[in-house]
Amino acid sequence: MNVRSQIAMVFHLDKCIGCHTCSIACKNIWTDRKGAEYMWWNNVETKPGTGYPTKWENQEIYKGGWEKNGDTVSLKGTGKFKGLKNIFHNPYMPVLDDYYEPWTYKYQDLFTAPEGDDQPTARPVSLVTGETIEVKSGPNWDDDMGGSPDFARQDVNLEKLSPAEREAMFQLERMTFHYLPRICNHCLNPACVASCPSGALYKRGEDGVVLINQERCRAWRMCVTACPYKKSYYNWHTGKSEKCVLCYPRLESGQAPACFHSCVGRIRYLGVLLYDADKIERIASATDENLVEAQLEIYLDPFDPEVIKQAALNGIAMSTIEAAQKSPVYKFLKVWKLALPLHPEFRTLPNLFYVPALLPGMANVQNGIYNTTSKSLWHGIDATRLPIKYLASLFSAGNTDKIVEVLKRLMAVRMHRRGETVGDLSKEEISAAMHEINLNGKTADEIFRLTSLATFDERFVIPPAHREESIEMLENTADVKGNTGFGFKERPARGL
Amino acid sequence: MLNQLLFIALPYVALATFLVGSIYRYLYKGFKVSSLSSQFLEGRTLFFGSQPFHWGLFFLFFGHLIAFLFPSTLIAWNGHTVRLLIIECASFAFGISALWGLLALVTRRLTNKRVQMVTNKMDVVVYLVLFIQIVSGLCVAYFNRWGSNWFAAFLTPYLRSIFVFDPQIDAISTVNSVWLKIHVVSAFSIIAIIPFTRFVHFLVYPVDYLWRSYQQVIWNWDRRSIRTSRAHSYGKKSLNN
Ligand code: HEM
Ligand code: SF4
């Protein structure tokens, strides 16, 4: 057993209202710079939809992530041979137009336009070339377009459905969508790290945050291809790749990352998971159906005395182990089994887990008759608006049983709470639902509490980095005494 | 006098500038050592420029290196006319490939507004010297044929004499090929400007990727050995806060 500590995350999709506050918080802190305007380390997508960059999930186009290769895994589009062969031109790299051309407006024109019969307008100008452009797409261009032909119907996950199922999904009465906020997953088996020829990317041992060393990045741009989530971005101005840093300076000082902190729907949870690094290769090469179950196995029980002993032997601080015991992520993921990884079939072992949206069925049309009747207050989960197969394509590598299991749990909690607060559901119905998935009232109440009422400190359990020393994780403080704290040590100009 | 300037002074100035400049840049301007890829702004025509250009240069570079390091082997290998012919034709083809690629890259920069936004003055210098270098090389190959034979017998001694600090320039200064002289001078100019241009990118070619392990985990605490406190855990020193 080789115990390591990882900061992991849970996003509760039922609570996401799609307001993009997280994206803006991140943009203001990290990517509001030349060359980074187009980057959204945190972005919110509408599903079904094509996402950002367009069709990022389609690895036939972008060749990201790992492929199962017998008992091990190999990189799909990069790696020692493929990477060095394609170093002069990377055939699978997304370009600016796959994201969008960033723009601003000529606001000054509003003030300086000569007097005339028309209202002055502020025309959009490209932030790359400075020329006026016609804006054709943006980072959330598919916002709320759950039924649209251009976006929703181009969703890669629909490939798993039969044409009839697909059509049913887009019936007007059933049409639906949910939001999918995404950041870097700070994976256990990061494809970006493995793909970097210069070794500029690395995983921080202390907390598992995946970072790019800006001084070692040489713009071979393999990480952009390798990350199947397209969360490593190339800064066209500095000639360096950049990615989500999980606000590590904030984490080190005990604060939640900006996107977590600002989240209006309070959908985000963050905490420590202990995992066994010896198992990474074996688990990354599990068969598709077993991937979710196998990944759960890698995370260790922080209450197990043996785990605690091994963790301490590996130099993990007691304060971190205590944080792992209080981790909301551990509860959602391992104890309650409510959270699932996004696209586990990319085999990077992501550390961001999603509680899928419940999306109860509302109505269907039979023989031209609009039918809203249901036996109970809510439809059973077999009649969910989004087909189970679709959700399985997103969250369980196609294993529908996993999705059904999670949705049943979510539904049972909801029924239990309805029983407690309103009391219009029959006792038998509730206990049948609870019994089916072995849930007792106490646990259901705990789930409810952490889902709906949890305070900041319950949602974000950040292990102390011992603030007085945290900067020393990065530099020898004596060396930089008297230097400024922020900004570039060297101006980020291209060339000399 | 001019010969001494071009074939003795220039090489030494170039090599010294290259050495000092590159080391300085690597150590103190580390952030700026990058291939400065512009593929993100324009990907399609880059393929038709960058690939033929780099692969052409790649093979030519090793060709020159072999002739420099193992001249007698090369001459022996060229003993058969067929082999000589193959080498000559292949080298010429790689030269054409590099020239084609370079022209495609220049055209791309001239025609694509986005790429122009990331073009700096040194890029123009780079294109210029590369153009001279490749064209003069092709001219030598065409007008002074069978270079793979006489290079080893004639240029290698000169280059070696530079490296052993005993420059012998008689052969090179009396040769009656302007193209060859241009080729040598521009080669040393390229070496001289390496530290000031994007040329630095081939100095950091990531060969070590071949033998390093795929995953990299770095413990900041441990590496810097800053921490001595044992207060937070029993067992060994805290790797994790
Ligand atoms: C084997 C080592 C080399 C590697 C790995 C390499 C890699 C690269 C890469 C990745 C780019 C950026 C292409 C892009 O825009 O995406 C580039 C551009 C360039 N390289 Fe190299 N290169 C190597 C050797 C050379 C050599 C020997 C020269 C010339 C003496 C050279 C000259 C250039 C030039 C002029 C460009 C700019 C192309 C343009 O954008 O117009 N490279 N190289
Ligand atoms: S999600 Fe993050 S850690 Fe995982 S491969 Fe992508 S950039 Fe790397």
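Donors are taken here as N, O and S atoms within 2.8 Å of the metal (3.2 Å for Na, K and Ca), and because water is not among the atoms, sites may look incomplete. The model is predicted, so local features need pLDDT of at least 70 and side-chain atom pairs count only at pLDDT 80 or more, whereas totals for chains, interfaces and linings use all residues. Side-chain values use heavy atoms, with hydrogens and water left out.

The iron atom of ligand 1 has H54(B) and H201(B) as its protein donors, each through NE2 and lying 2.0 Å away. H54(B) belongs to helix 2 (residues 44-69) of chain B and H201(B) to the loop between helix 9 (178-193) and strand 1 (217-218) of chain B, so the pair ties together parts that are 147 residues apart in sequence. Helices (H or I, at least four residues) and strands (E, at least two) are DSSP runs, numbered from the N terminus. Both H54(B) and H201(B) are buried, meaning under 20% relative accessible area (1.4 Å probe, protein chains only).

Oxygen atoms of ligand 1 make polar contacts (pairs of N or O atoms within 3.5 Å): one is 2.6 Å from a side-chain N or O atom of S37(B), and a polar side-chain atom of Y127(B) lies 2.3 Å from an oxygen atom of the ligand.

Notes:
Residues numbered from 1 in each chain as written. Chains lettered and ligands numbered in written order. Buried < 20%, exposed > 50% of the residue type's maximum accessible area, 1.4 Å probe, protein only. Polar contact = N/O pair within 3.5 Å; in protein donor to acceptor, adjacent residues only side chain to side chain.
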